[in-house]
Every structure is written in structure tokens, then in C-alpha cells.
Amino acid sequence: MKALHRLSDWVYNIEKVIAVILCAAMLISLSAGVLFRYVLSAPLTWSDETAIFSLIWLSFIGGSMSIKRQDSAAITLLMDKVHGKARTIMLGAGLAVLLAFVIYIFYLSIIWLSSPTIMMQRSSSMGMPMIIAYLSIPVSFFFLIIHTLELFLNNFKSDEGRRIA
Amino acid sequence: GEDTASNETDGGETRTFKISHVTQESHVWHQTALKFGEELEALSDGRMNVDIYPASQLGQEKDMVQQLETGSLDFGFLTNGYMSTRQDSLNAWFMPFTFKNLEEAAALRKSAAAKQMLEELSSQGLLGLDFAFAGNRHILLKDGHVQSPDDLKGKKVRIIGSPAIQEFWEKTGAGPTAMPLPEVYTSLQTGVIDGIDIDLDALATEKYYENAENLTLTNHMTFPTVIVMSQQVYDSLSPEDQKIVKEAISKAVDWGVEEAIAREQKNLEELKKIGVKVEELKDPSSFEAITKEVTDKYSSQSEVIKSFLEEAKK
Amino acid sequence: MTAALIVFIILLFLQVPIAFVLGITTIAYIILTGNMGLTATAPQRLYSGLENYGMLAVPLFMMAGELMNFGGITTRLIDFSKTLVGHFRGGLAYVNVIANMLLSAIMGSATAQIAMMSRTMVPSMEKEGYSREFGAATTAASGLLGPIIPPSMIFIIYGVASGASISDMFIGGVLPGVVLALAFIVLIGYTGSKEKWPTQERAPISLITKSFISVIPALLVPVIIIAGILSGVFTATESAAVACVVALLVGFFFYKELKIKHLPSILVNTAVTTATITMLIAMANLFGWMLSFEQVPQNIASWMVSLTESPLVFLLIVNIFLLIVGMFMDGIAALIILVPIFMPLIANYGIDPVHFGVVICINLTIGLLTPPVGAGLYIASSLADVKLETLIKSIWPFLIASFISLLIITYWPDLVLWLPTILK
Ligand code: NA
Ligand code: NA
């Protein structure tokens, strides 16, 4: 349990570094796009694509972070009124479904990326292998599995349970 | 898919195919898909028909291809722009100044090289059926017309993001940018870009002429759609039904090509009437050096492209 | 479908994040219908839901907001409006509306704006004697102006989905934004005289001048953006990146309140707040794809068309339908699912796509404040530290004012269409 907790914190720290890099990449590539097109009259071919691929990675990594931080939008209306064992069980049930979902999507994405036609796909402007962008899904859903599992086990540790919102 | 779409009627089993494409319902590709549905129904005595999902309702093109691979989608009209990122030989259609007009381009859909391209698609779980066309590409600028590459120097031009198209445009000395379509109208209005590489149908429907009025008819490229069927679904059909599918698509595309040519003419007249200043590129030979560089490079990379260009010259 | 709906509701109340509820419901539905071939394409569908250039404005406007908060730009905009209208009864409540209007000329998202203003406006209103929940309600409601006065994320998303001109949408949003702001001002005036609110001293000219001088660099942000877009230096999407750069420069060099050490947490916050929206969009895309595969929206749409031939009645039905949708769904997600279905219909009724777009975007934006699913409500209640239930009680007058404005905008198309035509 402690090891899992530490692993989850460690993953979160990695995610923070990735998020900072991706935000910066998005900002810099779009600004460079404006600069090269307007000031130098030589539009960049990679700026839009770089920004979009950064956004996609950012969305999925950020999605994983929001589960860790218990920060994503959820409805607390009912769960605020329930206390004690019932709360633990109900939150646990929700977390169990969430866990099953992230594991399933992780599994599907591995199958998807092992298909032979994946390596044929390249991005249209940069010619970058699409798998670099597609990898955002298995990677972030793997992180999600770790965070969700930690929340799930933690939920049963204290009777009050923890919020997942 | 088979599970969702088959049901029993007194005449035997009927089958409804799902077709998806990226254009609006007014577009000639959608009309071609409708025509295909009619032909299919007639040839099969009502046993086979289609449901069409236009405007990317079932997802972007990469989703469509995946759904075709798994057999959850039956037919797709995929742009050559997207498909050329998955199969190099399709760049043949993007070789600059290969066709003087849309008729010439469309005639090549029956060439041996074009058939080869369709066959190569089988490595992706796709059955390549045919090519249909939207129109040849021309140049719309805010200022001036294009009679030589010099007229393009330093102009920021929106193009379709595809390596072969991009390469040609970079060599002209223009600044090509693969800006997403929804940004184009505004960008043309405010001057973020100076012009666009476009076919007449899109020019008329998207009303870009409101922001840029100089159209040069260059015919510098064509822009086909690759019509494919899920190999998995095709294999599940009886030989007789397979024949019907192929016959129906061929009839529909014959009609669609004629329609595209007629529309190009009609659009041109309409654009002139609206007040768009139209000029023809009088002498494409000023682009010859650039064209040769691009075609040499691509024909050295692909035998199919090489033989396609040879057939085109005849 | 009923089983999927039950799964949806149960998970929602078990406090599962809404984005994931959409994803889980989709997978559950596919499994229940036994159409397993579709699950294989789910990951790619999640991916391509986000591969959308217009979406780039989401994180960048959020980042711009964070940078403006840390860099002292936000406080100066508020201080300046305070010196202008602070002496009226309910002055600070008007300040809230006016400051939100100014901010709206920079920000493109209501949630980002509500987050930003809840931190600054609510405590200062409380200090002046307003109740915390009224402060939070005013802030949340005025935050709705963010995406209505240009630039606007939801307008961009509508433009991308519908093909309507984004610049016409932007210009078309200006007057409806003013109508909405006026409605809030009237409401505040009425509440103020009924409850006998305190007033402040009128600011002396010297103070106004001083505050104006200090706000000039802050005004650089909107000025550069508007000038840049109008003169063709950059696109509306790119303006979000430029806003960040200008906010960075102003915060670092003019006000000197922004420090290098703030940047990592600004970027991490941006990532997480972005993801709460974009994950929702990705999952909603999956959900919407399931619906269109089953042709559900097409059926609802053709049913709606069968109800009436009059465009006016049709618009009313659409508004009621969307208000209900907005209670349960995030606005942007709903927009992405519904726009492709509505577009052919409005053409039949002869409704202008820009007018229609502005109407449904405002409608869905109001949905941010309607319970039970309302991101704006959650943000305001958590950042202003007000219980959700009390916040809902104080927000309903603002919701009524918003509905009335929406009706005016719906039945007076020129309010939207007049400005874009004269600017052509
Ligand atoms: Na705005
Ligand atoms: Na709501």
C-alpha cells in the first residue's frame, strides 16, 4: 500500500514535469508560427501540428493529474449527504467502475497500437509517425490506473473515505 | 456492420451498408454516394441499400479507416490528401501540372497505375474501388493573378497539408501554410494569408471570394477521393453480390465524374457573374523547372508514380 | 438506451468525474448492445476528438488568465473600474459586471473567467458588506459574458463544427453581451434599492487619473489582441498565445509582480484545468459517436422538425431542449454533438447560422450555471467557499435575467446580425 502511494506520487511528479514542458511547447510553437509568418513571411510547417500534438498529450496527462488531485468536475450532491460505511462503499463502487474503465481503455489502446497499419500513419505536415501522438493514450491511462488504484485502496483505509471530486 | 443492419424481409435477407465521408450533403461526393445507393438497390432488386453519414459524422478519416478495418463501417470516401499520408503511391495525383483540365485527370482513374494504387490498399485491410473527383485546383489571391512563379513570391498561401503539395508550393517561392479550413475565411479577410489553393466548388460554397477576388485558373493539381470498402465486409458477400457492388460503384462514379465536370463549368460562370476577376494561366511552362524537380523526385521513389506520369503524357 | 441512461445517472451520483461517466456509459452501451467491434475503435476515437486546431485556444486562454492573475493585471482592471463606478449604490456589484465585460474582451471561456474573478471579486465584495453568496452569484453570472463578448472559445468551436464564419460569430456576440450585462445591471440596481446597500465615496479625479495610468499596461493585453486580429497579424486561435506572451511581458516588466518561480505552478494549473475540459470533450466525442452511430440525434431532430413549420416556434423548442440538455451536460460537449444535426435543419427553416450559433452558444453557456451539472457553479462555489445549495439560491434571479435576455436575442436576430453586416 505504501509502495503504491509512493509510486503514485512519483508518477504525479513526472506528470508535472511533462505538463510544464507541453504547455511551454504549445505556447512557443504557436508564437513562433506567428513570428515566422508575419515578421519573416516564411510560415512554419510544423508549428500548428506541434501545438496540437502537445495539446493532446497535455489533455490526457492532465486528465490523469486531475484524478490524482481529485480535481475533476463531479457531482457531490448525494455523496455529501451520505456518511460512514455507506459512503465508503458507495465511493468504492464508483472508483471500482472507474478503475475497470481505465484498465479496459488501456488494454484496448495496446491492441490498437500493436496493429500493423499503425506504423504506416504519418502526420500530414511534419510527416511525424503518428504513434508518437497516439502513445499519449496508453501512457496516460497507465498513469490513471496507478492513481485510481491508489484512490480505491485509500478509500477503504479510513471510514470517512475520500472525495474523488 | 452485419449484426446491426441485417434483417429478414419476405424477399430474403436485406442489407444496409454504412457509408461515411467528410463533405457536406451538397457536395458531389455525397451525391455520388447517393447515386451508388440507388444503383445498388436497383441492381440487387432492393436487397442492398445504404445509409450515408456525411460531414465526418462517424469521425475523422483516421477513424473511418479504422472502422473500415474492423468492419464496423462498410464504405468510405477518403480524401487523397489523407490517404497519401498512408500510401506513398497516391501522391501521383498531386504531381503538379499533370492534367490540363478535370477531364484529363478523371480519365486517368481507369489507368493501369491507378488500378495498382487501389490494389496496394489491400495491405491496410481496404478494398480500393475507384477514384472520384471534386475539381482541379486553382489559385485565389487578394492581390494580382498568377502568370509565373514570380507572382507567388513571398505570398502566404493556404494549402492542404500534404508533403507533395507542400513541396511544390515551397519551390514556387510562396510561403505555404496548412491552416485548418475553419480559420481560412477570417484569415483571408484580415490578411493573415494572401491567398488559397482551392477548387471552384469549395470557393463557391465557402464564399472565400468575399475576401479575395482574383482567381487564376491554373489547373496545377487535382484532388480526388479514394472510394474504399471494408475488405472484411466484402469477403462476407456472395460472389454475385460482390459483382453487384463493383458494378454499382463504377456506374455511380461514372455519373459523379460527369457531374463534377459540369459543376466546375457552372461554378466558374457563377463566380464570374458575382464579379470574381478570372484569368487563365496562359503559359504553364514558367513552372516547368519546379514541376520537374517534384515529379523527378516522386517518380524515382515510386514505380507506380513513374508509370502514372508516363500514362498521363500520352 | 434506458440501461445506459441508468448507468449514467448512478455513476454521476457516485461522484465519478463527469468526463469518465460519459466514457463509461458509452462502453457500457456498446457492451449491452453486443456490438463489440466498436469498442476496438474507442481509443482512437478518444484521440481524434481532440485533434482539433480550434481547441488550442482552450489551454492558452486559461494560461493567459493565470498569468494575468499572478502578474497583477486582473487587480488593476478591477481597481480602475472601481474608481469609475464605485460610488453608486451597489457600486462594487456593478464593478463586478463591468470588470467582467472588460475581461471578456480578452478571455474566451466562462469557466476560466469565473475561476479568475471568484478569487479576486468575492472577498472584496464581502469586505464592503455584501453577502458572500451574492458576491459569488454576481461573479459567476457576470463570468458568462466571457465567451459571449469576443474572443470566445465556444463560438470558435461552433464555427469549427458548423462552418459558420468565426469572425461573424465574434462580432455578432458583442451586442448580445451588452444585453446580458444590462440585464444584470438592472437586476443589481433593483436588488440594491430593495435591500438598501451601502455606497462608497466618489473617487476624486486625481485617483481616477492615477488608477488609469496604472491600468494602461494592463489594457495592452486587449488592445494588442484586438488590433492584431483586425489587422491580420494573427488568427483568433493564435491570439490566445499572443495574449499569454503579452501578459507575461506586462507581469514581468511593467508590474514586476510575476516571478519565474510562479511559472511552474501556473503551467501545472493550466494543464489540470485544461484537462478537465478537454477530457470531457474527448469523452463526449466518444459518447456522441455512439449516439450518431445509432442515429439517436437524427431521430430527435426529425421529431423536433415534425412538431412545427414555423422558425419562431422551432427556435423556442430548440431553446427549451438546450436548457434541459444544459442542465445535464457540459455546453461544449453538447455543442459538438448537436451542431452537425442542427445545421441541415436550420437551413430548412431559413434561420441564419450565425444567429442560430450565437443563440445556442449563449443558451449552453447559461447551462454552466444550472444545476445539477454546471461547471461554473462548482468553480464559483469551491473558489469563493460558498455552499453549492446557498449559491444556487442566490443565483436564480441571475438565471431568470439570463433567460429573458436569451429570448430577446432569439426573437430579435438583428441584435446579432446587424454589426457583422455593417462591418463588411
Ligand atoms: Na471573450
Ligand atoms: Na447545467
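Trainee: Is the crossing in which H6(C) passes H8(C) left-handed or right-handed?

Mentor: A crossing is left-handed if the near helix is turned anticlockwise from the far one by less than a right angle, and right-handed if clockwise. In this predicted model, H6(C) passes H8(C) in a right-handed crossing. Helices are DSSP runs of H or I with at least four residues, strands are runs of E with at least two, and both are numbered from the N terminus.

Trainee: At what angle do the axes of H6 and H8 of chain C cross?

Mentor: Two packed helices are described by the angle between their axes and the distance between the axes. Here helix H6 (residues 91-104) and helix H8 (residues 132-143) of chain C have axes that cross at roughly 25 degrees and come within 9 Å. H6(C) is therefore roughly parallel to H8(C), a word for angles under 35 degrees. Axes are lines fitted to C-alpha atoms, for helices over the stretch in contact, with angles from 0 to 180 degrees between N-to-C directions.

Trainee: Which residues of H6(C) and H8(C) meet?

Mentor: Contact means heavy atoms within 4.5 Å. From H6(C) come Ala93(C), Asn96(C), Val97(C) and Asn100(C), and their partners in H8(C) include Phe134(C), Thr138(C) and Ser142(C).

Before we go on, a note on conventions. Residues are numbered from 1 along each chain as its sequence is written, while chains are lettered from A and ligands numbered from 1 in the order in which they are written. Local features need pLDDT of at least 70 and side-chain atom pairs pLDDT 80 or more, whereas totals for chains, interfaces and linings use all residues; side-chain values use heavy atoms, without hydrogens and water.

Trainee: Is Gln15(C) buried or exposed?

Mentor: Buried means under 20% relative accessible area, exposed over 50%, and partly exposed in between (1.4 Å probe, protein chains only). Gln15(C) has 0%, so it is buried. Its place is the loop between helix H1 (2-13) and helix H2 (18-33) of chain C, and its phi is positive, about 70 degrees, although it is not a glycine.

Trainee: Where does Phe97(B) lie?

Mentor: Phe97(B) sits in the chain B loop between helix H4 (80-83) and helix H5 (102-107). Its phi, near 50 degrees, is also positive in a residue other than glycine. With 21% relative accessibility, Phe97(B) counts as partly exposed.

Trainee: What is Thr218(B) in contact with, leaving aside its neighbours within four places in sequence?

Mentor: Phe97(B) is one of its contacts, and Arg137(B) and Leu281(B) are among the others. Thr218(B) belongs to strand S9 (residues 214-230) of chain B, and at 6% relative accessibility it is buried.

Note on methods:
Angles under 35 degrees count as roughly parallel, over 145 as roughly antiparallel, 65 to 115 as roughly perpendicular and the rest as oblique.
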